[in-house]
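Subject: Structure handover

Hi,

Here is the structure I promised to pass on. Please open it first, then read my notes below.

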Amino acid sequence: MNSKNFKKVSDFFDEVLPNSLKQKSFIYNNIFNNWKQIVGEDISCVTSPSHLKFAKNNFVEATLTINVHEMLATEVELLNNNIIQRINFFFGSNAIKIIKLKKTQDLNLIKK
């Protein structure tokens with residue numbers, strides 16, 4: 001058999017995956033891979049994205065859970081609207097509607 005007749009599995013993803021799943025994957029990957037660029041260094045140095053949940057059959061207005069050190073949770077909570085605005089500005093749509101904070105004792109979140 002000749003290898004020229006074979007296609008990569010990744011070539012079929014565009015044909016198989018619905019657009020909503022592609023959009024969700026795009027948002028998810030960008031938030032987790034570009035957190036610092038999206039929210040800025042001031043917020044990214046004390047937080048990290050933890051979980052992203054979309055409503056059923058909806059690829060906008062997701063709920064984002066972010067890790068934050070328990071000592072800074074109150075301050076970060078005051079920045080929730082700012083974080084949502086920065087993320088939605090990055091995507092040009094209402095990608096995130098709600099931010100939930102997950103308090104942690106991990107000191108690695110507090111970066112200098």
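The aromatic pairs come to 3 in this predicted model. Take F26 and F91 to begin with. Their ring centres lie 5.9 Å apart and their planes stand at 75 degrees, so the pair is edge-to-face. F26 sits in helix α2 (residues 19-33) and F91 in helix α6, so this contact ties together parts that are 65 residues apart in sequence. F26 is partly exposed, at 45% relative accessibility. F91 is buried, at 15%.

F91 has another partner, F90. That pair is also edge-to-face, with 5.1 Å from centre to centre and 90 degrees between the planes. F90 is partly exposed, with a relative accessible area of 38%. Together, F26, F90 and F91 make one aromatic cluster.

Next, helix α6 itself. The helix covers residues 80-91, 12 residues in total. From first C-alpha to last it reaches 17 Å, close to the 16 Å expected at 1.5 Å a residue.

Which residues of α6 are buried? They are N80, I83, I84, I87, N88 and F91. Seen down the axis of α6, these buried residues fall within an arc of 125 degrees, so they line one face of the helix. The general rule behind such a pattern: an α-helix has 3.6 residues a turn, so residues three or four places apart point the same way. On the other side of α6, N81, Q85 and F89 are exposed. After the helix comes G92, with a positive phi near 75 degrees.

Now the charged contacts. How many salt bridges does a search of the whole structure find? The search gives 2.

One joins R86 and D42, with the closest N and O atoms 2.9 Å apart. R86 is in α6 and D42 in helix α4 (residues 41-44), so the pair ties together parts that are 44 residues apart in sequence. R86 is partly exposed, with a relative accessible area of 25%. D42 is partly exposed as well, at 48%.

The side chains of K36 and E41 also meet in a salt bridge, at 3.9 Å from N to O. K36 is partly exposed, at 46% relative accessible area. E41 is exposed, at 54%.

F91 pairs with F26 of α2. R86 bridges to D42 of α4.

Best wishes

How values were computed: Residues are numbered from 1 along each chain as its sequence is written. This is a predicted model: local features need pLDDT of at least 70, side-chain atom pairs count only at pLDDT 80 or more; totals for chains, interfaces and linings use all residues. Side-chain values use heavy atoms; hydrogens and water are left out. Helices (H or I, at least four residues) and strands (E, at least two) are DSSP runs, numbered from the N terminus. The expected span of a helix is 1.5 Å times one less than its number of residues. Buried means under 20% relative accessible area, exposed over 50%, partly exposed in between (1.4 Å probe, protein chains only). The arc is that of the directions from the helix axis to the C-beta atoms. A salt bridge is a side-chain nitrogen of Lys or Arg within 4 Å of a carboxyl oxygen of Asp or Glu. Rings of Phe, Tyr and Trp (its six-membered ring) pair if their centres lie within 6.5 Å; planes under 30 degrees apart count as stacked, over 60 as edge-to-face and the rest as tilted.
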